[in-house]
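Dear colleague,

Please find the structure below. My notes on it follow.

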Amino acid sequence: MYQQMIFVNLATNDVDASKKFFTELGYAINPQFSTDDCACVVISDTIVAMLLSKQRYADFTKKEIADSTKTSETLICLSAESREKVDELVDKAIAAGGTATGESQDHGFMYGRAFDDLDGHTWEVMWMDPAAVQS
């Protein structure tokens, strides 16, 4: 059965610094699709973040590239398998140079935190009790 994937393309000021940041979070860089101006970050079997230098990113759009430290162009939300895994990933991101953003969200059956990466892109990490989504 075909498994649809998502490729999140993000502009970065420093590809090498972004590679280091995301590997410190525990993600792998796929060298087959990485160059000096692009890092292919494997988040899961179906989620890939393409971190592109602003020059390379501009090859794909005629729009002005947002300054993600001042403008929110996207919110990326990743699921986590537990509340502890939410904290673990966000704490790793902060230790690697990211910035905590927003308040923790604790609704009992759902828990989340967020961080901004080195370029200001906001990544939310959310856990939801599987029993709460049973139909």
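How many helices and strands make up the secondary structure of the protein? The secondary structure comes to three helices and nine strands, where helices (H or I, at least four residues) and strands (E, at least two) are DSSP runs numbered from the N terminus. Please note that this is a predicted model, in which local features need pLDDT of at least 70 and side-chain atom pairs count only at pLDDT 80 or more, while totals for chains, interfaces and linings use all residues. Residues are numbered from 1 along each chain as its sequence is written, and side-chain values use heavy atoms, with hydrogens and water left out.

Along the sequence, the pattern is β-α-β-β-β-α-β-α-β-β-β-β. Of the 135 residues, 36% count as buried; buried means under 20% relative accessible area, exposed over 50%, and partly exposed in between (1.4 Å probe, protein chains only).

Helix H3 covers residues 83–95, 13 residues in total. From its first C-alpha to its last, H3 reaches 18 Å, close to the 18 Å expected at 1.5 Å a residue (the expected span is 1.5 Å times one less than the number of residues).

Val86, Leu89, Val90 and Ala93 are the buried residues of H3. They cover an arc of only 90° around the axis, which puts them on the same side of H3; the arc is that of the directions from the helix axis to the C-beta atoms. On the other side of H3, Glu84 and Ala95 are exposed. The buried residues of H3 pack against helix H1 (15–24) and strands E5 (75–79), E8 (110–116) and E9 (122–128), contact meaning heavy atoms within 4.5 Å. Just after H3, Gly97 takes a positive phi of about 115°.

Yours sincerely
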